[in-house]
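Subject: Handover of a structure and summary of findings

Dear colleague,

Please find below the structure that I am handing over to you.

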Amino acid sequence: MKLSHAMHGLVVVMSLLLIAYASYEILNGIMLESAHRYMLFQLVVCVVFLLSLAVDFTLSTNKLRFLSHNFIFILVSIPYLNIIYGLGLMVSETAYTYIRFVPLVRSAFALAVVVGYLSKNRITSLFVSYLTVLLASIYFASLIFYSVESPVNDEIDGFSTVIWCACMNVVTLGAPIAPVTVVGKWINVFLGLLGITIMPLLTVYVGNIIKSLPKKNEKA
């Protein structure tokens, strides 16, 4: 168990480092220039992810159930970029940008699970996990949107504008900046669906907290 907890902690640390590394490269426009460095770092991160899954798999009593519950985690922990370049295959700049985000999905879920564990209350834990997934999705979607739209969309004057637009799309108010690429348009659709799906859950949770306040005062 100690090894499992240690691996989970290492996964969180590597997740944060991967997010910071990818953000730095995308926001500074040096993705292709540092492709080899990023692939090496991503390989290390993916190995840590897979080792953590291997430890948990070894300790699990129901192997098939573990595999079914962690199938997505396993898929997004595979270092696809390293495999592609190891086989001598070439990918376009656009494909490289998208593939590099795959391990970030694992990072987002890792952070959500760990943050959820910090709460002893099951409902609060679920709320915090949903909130973490929501914020991480907004950030990652903004990174992708910025990387594909900033070179061709004159309305984008910085990453802060993209973040603001993403938040507006999530709360379904809409943003004044219209995407010009296919990927950008689908990201807006994704953010809208994300808001429709998760925002009501957060609203219900907050509503239940407010309803419980008068009861506590009456008991007092």
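I begin with S15, a residue with 0% relative accessibility, which therefore counts as buried. S15 is found in helix α1, and apart from residues up to four places away in sequence it touches F49, S107 and A110. Please bear in mind throughout that this is a predicted model.

Overall architecture

The protein has ten helices and zero strands. Read along the sequence, the pattern is accordingly α-α-α-α-α-α-α-α-α-α. Of the 220 residues in the protein, 41% are buried. Among contacts with a separation of 6 or more, 67% are between residues 24 or more positions apart. The accessible surface comes to about 12900 Å², and carbon and sulfur atoms account for 71% of that surface.

Helix α1 covers residues 2–27, which gives it 26 residues. From its first C-alpha to its last it reaches 38 Å, close to the 38 Å expected at 1.5 Å a residue. Its buried residues are S4, M7, V11, V12, M14, S15, L18, I19, A22, S23, E25 and I26. After α1 comes G29, which has a positive phi near 65°.

S52 belongs to helix α2, residues 35–59. Its relative accessibility is 1%, so S52 counts as buried, the cut-off being under 20%. Leaving aside neighbours within four places in sequence, S52 is in contact with M7, H8 and V11. For the pair S52 and M7, the separation is 45 residues in sequence, while the C-alpha to C-alpha distance is 5.3 Å. M7 and V11 are also among the buried residues of α1.

Helix α9

Helix α9 spans residues 159–170 and has twelve residues. Its reach from first C-alpha to last is 17 Å, close to the 16 Å expected at 1.5 Å a residue. The buried residues in α9 are F159, T161, V162, C165, A166, N169 and V170. The helix is followed by T172, whose phi is positive and near 65°.

The cavity

How many cavities of 30 Å³ or more does a search of the whole structure find? The search returns one. This largest cavity has a volume of about 60 Å³. Its lining is made up of A141, S142, F145, V162, C165, A166, N169, I177, I187, N188 and L191. The elements that give two or more residues to this lining are α8, α9 and α10. Which of the elements gives the most? That element is α9, with four residues. By class, the lining divides into eight nonpolar and three polar residues, with no charged ones.

Two or more lining residues come from each of α7 (102–117), α8 (122–149) and α10 (182–219). The lining has 13 nonpolar residues, one polar residue and no charged residue.

A residue of α10

One further position in α10 may be noted. I198 lies in this helix. Is I198 buried or exposed? With 6% relative accessibility it falls below the 20% cut-off and therefore counts as buried. Its contacts, neighbours within four places in sequence being left aside, are with Y130 and L134. I198 and V170 are 28 residues apart in sequence, and their C-alpha atoms are 9.3 Å apart in space.

In summary, the predicted model has ten helices and no strands. It contains one cavity of 30 Å³ or more, and its second largest pocket has a lining without charged residues.

Yours sincerely

How values were computed. Residues are numbered from 1 along each chain as its sequence is written. This is a predicted model: local features need pLDDT of at least 70, side-chain atom pairs count only at pLDDT 80 or more; totals for chains, interfaces and linings use all residues. Side-chain values use heavy atoms; hydrogens and water are left out. Ala, Val, Leu, Ile, Met, Phe, Trp, Tyr, Cys and Pro count as nonpolar, Asp, Glu, Lys and Arg as charged, and the others, Gly among them, as polar. On a 1 Å grid over the protein atoms alone, a cavity is a set of points where a 1.4 Å probe fits but cannot get out, and a pocket is an open set with protein on both sides within 12 Å along at least five of seven lines; lining residues have an atom within 4 Å of a point. Grid points are joined across faces, edges and corners, and a volume is the space filled by probe spheres set on the points. Buried means under 20% relative accessible area, exposed over 50%, partly exposed in between (1.4 Å probe, protein chains only). Contact means heavy atoms within 4.5 Å. The expected span of a helix is 1.5 Å times one less than its number of residues. Accessible areas come from the Shrake-Rupley method with a 1.4 Å probe; for residues, only the protein chains shown count as cover.
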